[in-house]
Amino acid sequence: MRRVTTKILLGFLPALLLLAGCHRKLNYRDGQYRSAREMVRLRKGGRDGYARPGSKTKTVGTGPSGAKTKIVTKRPARAGGATGTLASVIEAARSYQGTPYLYGGTTRLGLDCSGLLQLSFGEAGVAIPRSSNEQAGWGEPVKATDLQPGDLVFFGASPGSRTITHVGLVTVADAEGVDFIHASTSLGVVENSLESDYYLSRFIRAVRPRL
């Protein structure tokens with residue numbers, strides 16, 4: 001009986017490891033965390049370790065010898081073309097970088113994806129709905145090819161899903177692509193590239209906030 005149970009557990013182990021670490025592994029190469037945009041560049045043969053000029057990296061948390069550390073890439077404090085209220089929203093969202101993920105969280109001790117947006121818009125004096133589904137209806141639909149800083153992007157839990165489970169805020173939209181900030185379940189508040197296969201395969205829609 002013990003052998004049968006062990007075999008069953010071993011059979012499920014790969015799936016459990018994938019669920020627990022798929023997002024984290026997505027952004028790691030040579031033991032170092034990189035933004036999704038950097039991973040896209042590396043896959044396309046770009047220069048290893050490339051970062052947007054002026055970006056900074058810092059270690060968030062250290063442990064005993066051999067323990068894993070997390071490297072967060074922080075971009076310059078600029079809104080990528082956004083002005084006025086939206087520039088303030090993006091600046092507020094970036095101030096939460098490194099905050100851990102917490103389902104239902106709405107403070108710097110922990111945030112979920114929709115909570116990050118609600119707080120960021122709130123700091124700019126704009127009240128928005130709490131859930132990602134409600135936020136998806138708070139604005140005018142916009143094509144992925146027409147995204148601008150300040151737009152909201154929505155994702156499903158798996159490739160091809162049409163059920164919204166995640167939301168992010170576009171921070172940069174330029175010739176290099178689109179970046180968005182969000183509260184990742186494995187990395188906390190972080191800025192990523194929409195061009196990665198992971199996010200493109202889960203992208204559902206985008207809206208432009210009603211301001």
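**Reading the model together**

Mentor: Let us begin with Asn 192, which counts as buried because its relative accessibility is 0%. Please keep in mind throughout that this is a predicted model.

Trainee: Where is the place of Asn 192?

Mentor: Asn 192 belongs to strand 11, which covers residues 188–193.

Trainee: With which side chains does the side chain of Asn 192 make a polar contact?

Mentor: One partner is the side chain of His 182, at 2.8 Å. Another is the side chain of Tyr 199, at 3.3 Å.

Trainee: And what is the order of the strands in the open sheet?

Mentor: The six strands follow the order 7-12-8-9-10-11, and their pairing is antiparallel.

Trainee: Which strands stand at the edges?

Mentor: Strand 7 (140–141) and strand 11 do; each has a single partner strand, so one side of each has no neighbour in the sheet.

Trainee: How many bridges are there between strand 7 and strand 12?

Mentor: Strand 7 and strand 12 pair over two bridges, in the antiparallel sense. Within that pairing, Pro 141 is opposite Val 207 of strand 12.

Trainee: Then how many bridges join strand 8 to strand 12?

Mentor: Four bridges join these two antiparallel strands. Leu 152 stands opposite Val 207 in strand 12, and Phe 154 stands opposite Arg 205.

Trainee: What about strand 8 and strand 9: how many bridges join them?

Mentor: Four bridges join strand 8 to strand 9, and these strands run antiparallel. Phe 155 has His 166 as its bridge partner in strand 9.

Trainee: Which way do Leu 152, Val 153, Phe 154 and Phe 155 point from strand 8, and are they buried or exposed?

Mentor: Leu 152 and Phe 154 point one way, while Val 153 and Phe 155 point the other way. All four residues are buried.

Trainee: New topic: which helices pack on the sheet?

Mentor: Helix 3 packs on the sheet and touches strand 9, strand 10 and strand 11. The direction of helix 3 makes about 115° with that of strand 9. Helix 4 also packs on the sheet, touching strand 8, strand 9, strand 10 and strand 11, and its direction makes about 60° with that of strand 9.

Trainee: Which residues are buried in helix 4?

Mentor: Helix 4 spans residues 113–123, and its buried residues include Cys 113, Leu 116, Leu 117, Ser 120 and Phe 121. Just after helix 4, Gly 125 has a positive phi of about 85°.

Trainee: Which residues touch the most other members of the largest nonpolar core?

Mentor: That core has 26 residues, and those touching the most other members are Leu 117, Phe 121, Leu 152, Phe 154, Leu 169 and Val 189. Several elements supply at least two residues each, including helix 3 (84–94), helix 4, strand 8 (152–155) and strand 12 (203–208). Helix 3 gives the most to this core, namely five residues. Apart from this core there is another of twelve residues, among them Val 153, Val 170, Phe 180 and Tyr 198.

Trainee: What is Phe 154 in contact with?

Mentor: Setting aside neighbours within four places in sequence, the contacts of Phe 154 include Ser 132, Ile 164, His 166, Phe 203 and Val 207.

Trainee: What does Arg 162 touch?

Mentor: Not counting residues up to four places away in sequence, Arg 162 touches Phe 203 and Ile 204. The Arg 162 side chain reaches the backbone oxygen of Ile 204 at 3.4 Å. Arg 162 and Arg 202 are 40 residues apart along the chain, and 8.5 Å separates their C-alpha atoms.

Trainee: Last topic: what is the mean pLDDT of the protein?

Mentor: The mean pLDDT is 76, and 62% of the residues reach 70 or more. Where pLDDT is low, the predicted coordinates should not be read in detail.

Conventions. Residues numbered from 1 in each chain as written. Predicted model: local features only at pLDDT ≥ 70, side-chain atom pairs only at ≥ 80, totals over all residues. Heavy atoms only, no water. pLDDT = per-residue confidence, 0-100. Buried < 20%, exposed > 50% of the residue type's maximum accessible area, 1.4 Å probe, protein only. Core = buried A, V, L, I, M, F, W, Y, C linked by side-chain atoms within 4.5 Å. Contact = heavy atoms within 4.5 Å. Polar contact = N/O pair within 3.5 Å; in protein donor to acceptor, adjacent residues only side chain to side chain. Pairing = 2+ DSSP bridges. Axes fitted to C-alpha atoms, helices over the stretch in contact; angles between N-to-C directions.
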